[in-house]
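Q: Could you take me through one part of this model in detail? I would like to begin with the aromatic rings and then follow the strands and helices from there.

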Amino acid sequence: MNDLTCVIVGGGHVGLHSLKAIKEETRGMTNGRQIRFVLIDKQPGHLRKMLLFRPAVCQEEIMIPWTHYSFSEGVEFVQGKVTSVDSGGKQIRYEDAQGNQVLMRFDLLVVSVGSIVQQPEPDRGGIALTDPQAAIDIQERWRANLRKAAAETNPEERKRLMTVAVAGAGISGVETSSELALEMQKEASSLGLNSFDVSVYLLSGQKRLFLEGPENVGKKLDQFLGECGVKVLYNRKVIHAEAGAVKLSNGDRLPVGLCIWTIGLIPNPALRSMGLPLTPEGQVLVDECYRVKGAPGVYSIGDCARIVDPTTGKADLMRAGEGVLQADRLGKIVMADLEGRPAPVHKSASSILDFFCIGLGENRGFVWARKWGLNFIMTGKLGWKIRKLAWDKGSMLR
């Protein structure tokens, strides 16, 4: 009897959790058949995408080798990019690290290629925080600007060099701007500059922060950002980052030394070539058990899939925490499908508890939860510990 091959496409936090969950549920075997596990990702290791802002502010490695994980034993790791899925023929085509086109057959396939950071049009200027290299470029730019500011005799030009605009006020923008402000203040002081001259602006097209929660929570978050040295400008979007300034949607021109784009996530565009059924927004269409419609043995979860709670009709957000819960459930679903018994169905995490955590720099965190109609807020060191725990659990470091 031939072995089964289970291929996981995407080694982000959801892919890792899926691999672990399926391995543990099946124990590497089903109905007397061994299961071969293969993980395919374009990266040479697990990229901690939730921490993409860290290399933009400090020297921190956010790539974890696959072999770091205990459950990686017996798993084949392939560096490559999947370009098409033949669900009927049970095979995928991928391009390996050397540019070769390779076919691989599968019995089970999990598509968890996630999302990418949305990029503005190239002619809009600035740097989008899209990948580790962009993060490194950002850090090099603001540090070089501060060194220039230390030698600058013109007060207005010095102020401009010490000013950064972060365009996009979602959680990524909030975390990037707060950490950046604190690190820039520290660097400015070391260069003999006045740290109070550092300005970090967070540009929001909305009337308040944190639309996922109540208005008073958004106000508290604004207050904590202010304590970090971040000024939030509401109802203003960056139209264009030109030499020495950003042009805003209200017509203002803000002198800056650097503009960083953090304008949200979109489903991975690689999905559009795979041949899977997609929503108009580019997410994979799945049922309540994460099965891809019309593709037996193919599953999809995380940011790249549109997953709807069959009870509430509410779609999951593109968030790490929700993807991890989906992955844990997927292990049970796959095992049930292999054994031919009813599988558990999706249940939205928000139907149990609304929960968000945000990092605001070392020992500074902001956590909001809602249960039974009550709001719970935790800040400071406790909030930071919870946020760090979420980052580490997402990358399976705890």
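A: Let's start with a group of rings: in this predicted model, F53, W384 and W391 are linked into a cluster by ring pairs. F77, at 27%, is partly exposed.

Another ring to look at is that of F356, which has R319 lying over its face at 3.9 Å from the ring centre. By its number, F356 falls in strand β23 (354–359), and that takes us to a sheet. This open sheet has 3 strands in the order β23-β24-β25, and their pairing is antiparallel. Why are β23 and β25 (374–379) left without a neighbour on one side? They stand at the edges and each has a single partner strand, so one side of each has no neighbour in the sheet. On average, neighbouring strands here are turned by 10 degrees against each other, direction ignored. Between β24 (residues 365–371) and β25 there are 6 bridges, with the two strands running antiparallel. If you want a pair to click on, R370 has N375 in β25 as its bridge partner.

Two helices pack on this sheet. Helix α6 (residues 215–228) touches β23, β24 and β25, and its direction makes about 170 degrees with that of β24.

For another strand setting, turn to β12 (residues 163–167), where 5 of its 5 residues are buried. Here is a general point about such strands: in a regular strand the side chains alternate between the two faces of the sheet. In β12 both faces are covered, with T163, A165 and A167 buried on one side and V164 and V166 buried on the other. Strand β13 (residues 199–203) pairs with β12 in the parallel sense over 5 bridges, and V164 stands opposite V200 in β13.

There is also an open sheet of 3 strands in the order β15-β16-β17, again with antiparallel pairing. Its edge strands, β15 (238–242) and β17 (253–255), each pair on one side only. From one strand to the next, the twist averages 20 degrees. Strand β16 (residues 245–248) runs antiparallel to β17 and is joined to it by 3 bridges, with K247 standing opposite R253.

Finally, an unreviewed UniProt entry places the feature "domain: FAD/NAD(P)-binding" at residues 6–307. Over that range the chain is 26% helix and 30% strand, and its end C-alpha atoms are 22 Å apart.

Technical notes
Residues are numbered from 1 along each chain as its sequence is written. This is a predicted model: local features need pLDDT of at least 70, side-chain atom pairs count only at pLDDT 80 or more; totals for chains, interfaces and linings use all residues. Side-chain values use heavy atoms; hydrogens and water are left out. UniProt positions are given in the numbering used here, feature names are shortened, and annotations may be inferred rather than shown by experiment. Helices (H or I, at least four residues) and strands (E, at least two) are DSSP runs, numbered from the N terminus. Buried means under 20% relative accessible area, exposed over 50%, partly exposed in between (1.4 Å probe, protein chains only). Rings of Phe, Tyr and Trp (its six-membered ring) pair if their centres lie within 6.5 Å; planes under 30 degrees apart count as stacked, over 60 as edge-to-face and the rest as tilted. A charge sits over a ring if NZ of Lys or CZ of Arg is within 6 Å of the ring centre and within 35 degrees of the ring normal. Two strands pair if DSSP finds at least two bridges between them. Axes are lines fitted to C-alpha atoms, for helices over the stretch in contact, and angles run from 0 to 180 degrees between N-to-C directions. Contact means heavy atoms within 4.5 Å.
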